[in-house]
Amino acid sequence: MQPQSRTDPAASAHDRVYRGLRTRIMHGDMLPGQALTLRGIGKEFGVSMTPAREALRRLVAEGALSMSSSGRVATPELSAERIEELAALRTLIEVELASRALPRAHMALIERLQSINNALTDMIQTQDPVGYIRTNLEFHRTLYLRAQAPAMLAMAETVWLQFGPTMRQHYGRLKRKALPPYHRMIIAALKAGDEPGLRLAVRSDVTQGLKMLLA
């Protein structure tokens with residue numbers, strides 16, 4: 001008879017804090033340079049210092065947070081050079097993910113992408129930057145899941161995580177009135193089975209975002 005597995009409460013608490021903070025950072029719920037403290041995290045999530053500390057260490061290792069020599073932990077403030085580097089990584093990874101997803105793109109996927117893109121229009125109309133970032137990432141993740149390349153998708157999400165606060169800062173200032181055409185181009189290329197067109201559309205989408213962040 002095998003012994004019953006036991007869930008480590010500390011590990012569960014750490015994972016809950018990590019996932020909660022990770023989602024908020026990726027979706028732009030925090031602005032660049034926003035400090036986090038163990039006391040504040042512990043109070044918010046109802047955990048002790050240990051799981052809060054482990055969650056912060058994990059996020060620092062992923063580049064989602066930065067730690068100063070004095071131990072201050074905050075969301076990163078990206079330089080122009082860092083933004084360009086991360087955008088180059090997005091282009092390399094996401095163009096490849098889209099290309100791999102194309103052979104597995106069925107009508108249900110295309111209809112789902114259209115629905116998500118319609119929701120992005122709603123986010124623009126309500127001037128909801130966090131909702132826009134969250135929904136935009138949902139569009140890309142929904143497509144890239146069809147690539148069946150989990151390691152590559154995990155790399156893309158790590159880049160998104162580092163971009164989150166900076167994207168929020170700039171989207172909040174942009175006051176966009178209409179969606180750029182690139183998601184529609186992605187959907188059209190998927191419908192046509194057009195791999196060169198799909199790669200161009202994804203690359204253009206990332207490049208347009210880079211120009212916006214560096215403006």
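Guide: What follows is a set of questions and answers about a predicted model.

Visitor: Why are H5 and H6 called roughly antiparallel?

Guide: Helix H5, residues 107-125, packs against helix H6, residues 129-144, at an angle of about 170 degrees, and the two axes lie 9 Å apart. Angles over 145 degrees count as roughly antiparallel, and therefore H5 is described as roughly antiparallel to H6.

Visitor: Which residues of H5 and H6 meet, and how do they divide into nonpolar, polar and charged?

Guide: From H5 the contact includes Leu109, Leu113, Ile116, Leu120 and Ile124, and from H6 it includes Tyr132, Phe139 and Leu143. Arg112 in H5 and Arg134 and Glu138 in H6 are also among the residues that meet. The residues of this contact divide into 10 nonpolar, five polar and three charged.

Visitor: What is the phi of Gln127, and where does Gln127 lie?

Guide: Gln127 is in the loop between H5 and H6, and its phi is near 55 degrees, a positive value in a residue other than glycine. Most residues other than glycine have a negative phi. Gln148, in the loop between H6 and H7, also has a phi near 55 degrees, again positive in a residue other than glycine.

Visitor: Why is Gln148 called exposed, and why is Gln127 called partly exposed?

Guide: The cut-offs are under 20% relative accessible area for buried and over 50% for exposed, with partly exposed in between. Gln148 has a relative accessible area of 53%, and so it is exposed, whereas Gln127 has 34% and is therefore partly exposed.

Visitor: How do you know that Lys177 is exposed, and what separates Lys177 from Gln127?

Guide: Lys177 sits in the loop between H7 and helix H8, and because its relative accessibility is 74%, it counts as exposed. Lys177 and Gln127 are 50 residues apart along the chain, and their C-alpha atoms are separated by 8.8 Å.

Visitor: What makes Asp15 and Arg19 a salt bridge?

Guide: A salt bridge requires a side-chain nitrogen of Lys or Arg within 4 Å of a carboxyl oxygen of Asp or Glu. For Asp15 and Arg19 the N to O distance is 2.9 Å, and the side chains meet in a salt bridge. Both residues lie in helix H1, residues 9-26, and they are four residues apart, about one turn of the helix.

Visitor: What is the distance between the closest N and O atoms of Arg58 and Asp15, and which helices hold the two residues?

Guide: The closest N and O atoms of Arg58 and Asp15 are 3.7 Å apart, and the pair forms a salt bridge. This pair links distant parts of the chain, with Arg58 in helix H3, residues 49-61, and Asp15 in helix H1, 43 residues apart. Asp15 counts as partly exposed because its relative accessibility is 27%, and Arg58 counts as partly exposed because its value is 33%.

Visitor: How many salt bridges are there in the whole structure, and what is the distance in the one between Glu85 and Arg82?

Guide: A search of the whole structure finds 12 salt bridges. In the one formed by Glu85 and Arg82, the closest N and O atoms are 2.8 Å apart. Glu85 and Arg82 both lie in helix H4, residues 80-101, three residues apart, about one turn of the helix. Glu85 has a relative accessible area of 43% and so is partly exposed, and Arg82, with 29%, is therefore partly exposed. Elsewhere, salt bridges that share partners join Arg22, Glu62, Arg141 and Glu157 into one network.

Visitor: Why is Glu157 called buried, and what does Glu157 touch?

Guide: Glu157 lies in helix H7, residues 150-174. Its relative accessible area is 15%, and so Glu157 is buried. Leaving aside residues up to four places away in sequence, Glu157 touches Arg22, Met26 and Arg141.

Visitor: How do you know that Asp205 has no salt bridge?

Guide: Asp205 lies in helix H9, residues 195-214, and is buried, yet the nearest side chain of opposite charge, Arg90, is 5.1 Å away. Not counting residues up to four places away in sequence, Asp205 touches His140, Tyr182 and His183.

Key
Residues are numbered from 1 along each chain as its sequence is written. This is a predicted model: local features need pLDDT of at least 70, side-chain atom pairs count only at pLDDT 80 or more; totals for chains, interfaces and linings use all residues. Side-chain values use heavy atoms; hydrogens and water are left out. Axes are lines fitted to C-alpha atoms, for helices over the stretch in contact, and angles run from 0 to 180 degrees between N-to-C directions. Angles under 35 degrees count as roughly parallel, over 145 as roughly antiparallel, 65 to 115 as roughly perpendicular and the rest as oblique. Contact means heavy atoms within 4.5 Å. Ala, Val, Leu, Ile, Met, Phe, Trp, Tyr, Cys and Pro count as nonpolar, Asp, Glu, Lys and Arg as charged, and the others, Gly among them, as polar. Buried means under 20% relative accessible area, exposed over 50%, partly exposed in between (1.4 Å probe, protein chains only). Lys and Arg count as positive and Asp and Glu as negative; His and the chain ends are not counted.
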